[in-house]
Amino acid sequence: MTNTADIAIVGGGAAGLATAIFAARLMPGRSVVVLDGARKLGAKILISGGGRCNITNVVVTAADYCGGSPNVIKQVLAALPVDRTVAFFKELGVELYEEEHGKLFPKTNRARTVLEAMLGEANRLGVRILPEHRVTGIRPHAGRFEIDAGTGTLSAEKVVLTTGGQSFPKTGSDGLGYRLAEELGHTLVPPTPALVPLILDGESHVHLSGIAHDVELTVQAAERKPARARGALLWTHFGISGPVALDVSRYWHRACLEKREVTVFANFVPGEDAAAVEARLLALASTQPRAQLHNALARLLPARVADALLDAMGIPGTTLMAHLPKEFRRKVATALVRWPLPVRDSRGYAHAEATSGGVPLAEVETRGLGSRKCPGLHLAGEVLDVDGRIGGFNFQWAWASAWVVATALVRAVKPDEPAAG
Ligand SMILES: Cc1cc2nc3c(=O)[nH]c(=O)nc-3n(C[C@H](O)[C@H](O)[C@H](O)COP(=O)(O)OP(=O)(O)OC[C@H]3O[C@@H](n4cnc5c(N)ncnc54)[C@H](O)[C@@H]3O)c2cc1C
């Protein structure tokens, strides 16, 4: 490889490609190189959003993220608001459309459109893209960096670490980036899988496999505020998946990591408490006394799920509403809004859509995401301790943090000129 560059970007995923494009646009004439260990770049973009790439969301706030300081997250998001993301992709020829929950997808419904547009723009701008260049070491040396990448060493003035997290390691993001960050003086908030399906103990979920319905899940970890999410839950042969299960998975993992006792509860009548559900059952008992309990519950949640709950409680579903004793009515109402799910584990990094943990935000400057440990190094994307919920938030973090880094690089190399954007 040509062995020098002004800016070397380590990791050519969402954040790395966006950083390369923004930096090359803002600093024409500067050489920008992207090194990636994978044979082909963008595997994660291609598999994202079920192959359709949920690029961002119409409303993105710091509350959609976990991890480090909400204030830093807020400032980074503010630097590249969603309308600018939409405009950016439009410039690349990728028009977006909105789906439920504000999710924005390319109109083609193909993630490949997104990847090809980004690679095309990077090429047009003269960014040098080097696949099969897995970086194994980054060393500060005489005011520059020496980067070991299998076939040789590249010298660069600035390095941007965009190596992602550890989820779906076969896409190339296997956690080596964390080690590189540590070698450059950073610490790590211990990583765990996030946005990952959960495995349940026992067998009772198995025959519910394939059923999806609206549920609120609560993760209650000892001495922690309960974490809640509402959305579609999908029962599977191993346990639970669907957006709501993925969204709470990080809390379960963080609690286990901290060795806290943790319980996961489901509210199958989201938005209602036990008293409201009991009142509904009571009203039904008076208007339809001959209705059977399992038919009454089937108005609130899928019949097979209702039957499974009644079985587990040992209450016959054929009980007539008029004959349902008060204590059973109360028991059923409580069970429907606070059903413990015996989570044993998650499906791990191989099935996780994100990683929680990473390089602490306290170790980077808010304004340009420059390393406080290693001058000249910047970090963007999932390698940082930020993880978003399902809905396009993780990509928005990648684009926004890439923009922040690119504008900081402009300031660093042209100190007399105001930053663009
Ligand atoms: C199945 C799945 C579906 C998803 N769907 C969505 C979605 O629809 N919307 C959304 O917002 N988010 C989604 N995500 C999350 C999103 O893909 C990530 O948050 C995002 O890709 C992170 O971007 P990144 O650039 O930081 O890291 P990555 O995209 O993971 O890119 C990191 C890159 O660094 C390279 N690399 C790693 N280590 C090295 C090294 N040592 N040397 C050289 N190169 C290296 C890797 O090969 C990779 O190309 C999904 C994730 C998965 C797994």
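The legends below describe close-up views of a predicted model.

Residues are numbered from 1 along each chain, following the sequence as written. In this predicted model, local features need pLDDT of at least 70 and side-chain atom pairs count only at pLDDT 80 or more, while totals for chains, interfaces and linings use all residues.

**View 1. The shell around the ligand.** Around the ligand there are 39 residues, and Gly11, Gly13, Gly164, Gly172 and Gly381 come nearest. A residue is near a molecule or strand if its C-beta atom, placed from the backbone, lies within 6 Å of it. Two or more residues of this shell come from each of helix 1 (14-26), helix 2 (43-51), helix 6 (176-183) and helix 12 (393-413). Helices (H or I, at least four residues) and strands (E, at least two) are DSSP runs, numbered from the N terminus. By class, the shell has 16 nonpolar, 18 polar and 5 charged residues. Nonpolar here stands for Ala, Val, Leu, Ile, Met, Phe, Trp, Tyr, Cys and Pro, charged for Asp, Glu, Lys and Arg, and polar for the others, Gly among them.

View 2. The chain is assigned domain 1 (4-193 + 352-413) and domain 2 (197-286 + 325-347), with bounds that come from an automatic or database domain assignment. Between the C-alpha centres of domain 1 and domain 2 the distance is 34 Å. Domain 1 puts 9 residues into the contact, and domain 2 puts in 9 residues. Two residues are in contact if their C-beta atoms, placed from the backbone, lie within 7 Å. On the side of domain 1 that touches domain 2, strand 11 (residues 189-194) gives the most, with 3 residues. That side of domain 1 is made up of 4 nonpolar, 2 polar and 3 charged residues.

**View 3. Helix 2 against helix 5.** The axes of helix 2 and helix 5 (residues 111-124) are 8 Å apart and the packing angle is about 150°. Axes are lines fitted to C-alpha atoms, for helices over the stretch in contact, and angles run from 0 to 180 degrees between N-to-C directions. Helix 2 and helix 5 are therefore roughly antiparallel. Angles under 35 degrees count as roughly parallel, over 145 as roughly antiparallel, 65 to 115 as roughly perpendicular and the rest as oblique. Ile45, Leu46, Ser48, Gly49 and Gly51 of helix 2 meet Ala111, Arg112, Val114 and Leu115 of helix 5. The contact of helix 2 with helix 5 contains 5 nonpolar, 3 polar and 1 charged residues.

**View 4. Helix 1 against helix 5.** Helix 1 packs on helix 5 at about 35°, with the axes 9 Å apart. In this contact, Leu17, Ala20 and Ile21 of helix 1 meet Met118, Glu121 and Ala122 of helix 5. The residues comprise 5 nonpolar, no polar and 1 charged.

**View 5. Helix 8 against helix 11.** Helix 8 (residues 274-287) and helix 11 (residues 326-337) have axes 8 Å apart, at an angle of about 130°. The two helices are therefore oblique to each other. Helix 8 contributes Ala274, Val277, Glu278, Leu281 and Leu282, and helix 11 contributes Arg329, Arg330, Val332, Ala333, Thr334, Leu336 and Val337. Of these residues, 8 are nonpolar, 1 is polar and 3 are charged.
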